[in-house]
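Here are my notes for anyone opening this entry for the first time. Have a look at the sequence and the model, then go through the points below.

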Amino acid sequence: MEKIGSYYQSSIYSKNAQNAKDADRTKTENAKNANSANESKKAPVLSKAAQNLLKELKKTYKNMDFMVADFETDEEAASLLSKGTGEYSALFTPEELEKMAADEDVKNKNLKVLDNAVSKLDEMKNQLGDKAEDVTRIGISFGDDGEVSFFAELEKNSEKQRERIEKQREDKRDAAKEAGRSEAAEYLAHGKSTGKRTTVYASTIEELAEKISQVDWNTVKEERQNTTGQRFDFTI
């Protein structure tokens, strides 16, 4: 009976272990599929005119990352924009960028929006006061129909964790200077962080500022995130 009981327990253990392995395998395969989908968006085929326009944008707006990828929702756009390492990030669909390259009126209209956005975003951060310290990323997206959306990622840490992260950032800033890389790129490429994170979406900068100021951290669940290996480059 003891042998039968031991065998029975061993069988249950083996079955549970196999189920756990199957679950891990499924999770890994899903992650690979997601990465494959991301890779397919990484390098859209652009005309020569669109490529030249992208180079022009990067040269003109040095504090902004430019990305080109298809997206359908604000959440998907925010996910793509969150990979940026610049002060601000801008996302265009390939179709919209092609329209800008082919039509001077479309180009001027979007660049006017971009210029106003950068100016207002700088002003917004000053007006937010201490709340501005919670903002880690700000992005703007241009859809196929020219519709513009804004998003901001916010992060709140405990004082002890904030001190630790600030020390890490300071160390990484020094290392980044030596390696010629930005602080943001270093921070995204290494380390773990514990705290609260949330994302807000808006159709105007005024609405974005209002939503940022209204974030109630007491209602946001704390999470732990390993940032190592989680950065994808969607810039062209």
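1. A definition to begin with: two residues are in contact when they have heavy atoms within 4.5 Å. On that basis, residues 24 or more positions apart account for 69% of the contacts in the protein with a separation of 6 or more.

2. A word on where the numbers come from. This is a predicted model, in which local features need pLDDT of at least 70 and side-chain atom pairs count only at pLDDT 80 or more, while totals for chains, interfaces and linings use all residues. Residues are numbered from 1 along each chain as its sequence is written, and side-chain values use heavy atoms, with hydrogens and water left out.

3. Now the overall layout. The protein has eight helices and six strands; these are DSSP runs numbered from the N terminus, with H or I and at least four residues for helices, and E and at least two for strands. Read from the N terminus, the order is α-α-β-α-β-α-α-β-β-α-α-β-α-β. The protein has 236 residues, and 36% of them count as buried (buried is under 20% relative accessible area, exposed is over 50%, and partly exposed is in between, using a 1.4 Å probe and protein chains only).

4. Start zooming in at strand 2, which covers residues 88-92 and includes Tyr88. Tyr88 counts as buried because its relative accessibility is 1%. Leaving out residues up to four places away in sequence, Tyr88 touches Asn63, Met64, Asp65, Leu121, Asp122, Lys125 and Ile138. For Asp65, 23 residues away along the chain, the C-alpha separation from Tyr88 is 6.4 Å. Which side chain does Tyr88 join in a polar contact of 2.5 Å? The partner is Asp122. (A polar contact is a pair of N or O atoms within 3.5 Å; within protein, one must be able to donate a hydrogen and the other to accept it, and residues adjacent in sequence count only if both atoms are side-chain atoms.)

5. Ser89 is also in strand 2. With a relative accessible area of 4%, Ser89 is buried. Again setting aside residues up to four places away in sequence, Ser89 touches Met64, Asp65, Met67, Leu81, Gly84, Ile138, Gly139 and Ile140.

6. On to the helix pairs. Two packed helices are described by the angle between their axes and the distance between the axes. Axes here are lines fitted to C-alpha atoms, for helices over the stretch in contact, and angles run from 0 to 180 degrees between N-to-C directions. Angles under 35 degrees count as roughly parallel, over 145 as roughly antiparallel, 65 to 115 as roughly perpendicular and the rest as oblique.

7. Take helix 2 (residues 48-60) and helix 4 (residues 94-102), whose axes come within 9 Å and cross at roughly 90°. The two are therefore roughly perpendicular to each other. On the helix 2 side, Ala49, Ala50, Leu53, Leu54 and Leu57 meet Leu97, Glu98, Met100 and Ala101 of helix 4. Sorted by class, that contact has eight nonpolar residues, no polar ones and one charged. (Ala, Val, Leu, Ile, Met, Phe, Trp, Tyr, Cys and Pro count as nonpolar, Asp, Glu, Lys and Arg as charged, and the others, Gly among them, as polar.)

8. Helix 5 (residues 104-127) packs with helix 8 (residues 205-213) at an angle of about 25°, their axes 10 Å apart. That makes the pair roughly parallel. Asn116, Ala117, Lys120, Leu121 and Met124 supply the helix 5 side, with Ile205, Glu206, Leu208, Ala209 and Ile212 coming from helix 8. The class count for this contact is seven nonpolar, one polar and two charged residues.

9. Two lysines to finish. Lys107, in helix 5, is buried at 13% relative accessibility; leaving aside neighbours within four places in sequence, Lys107 is in contact with Leu53, Glu56 and Met100. A polar atom of the Lys211 side chain lies 2.7 Å from the backbone oxygen of Tyr201. Not counting residues up to four places away in sequence, Lys211 touches Val200 and Tyr201.
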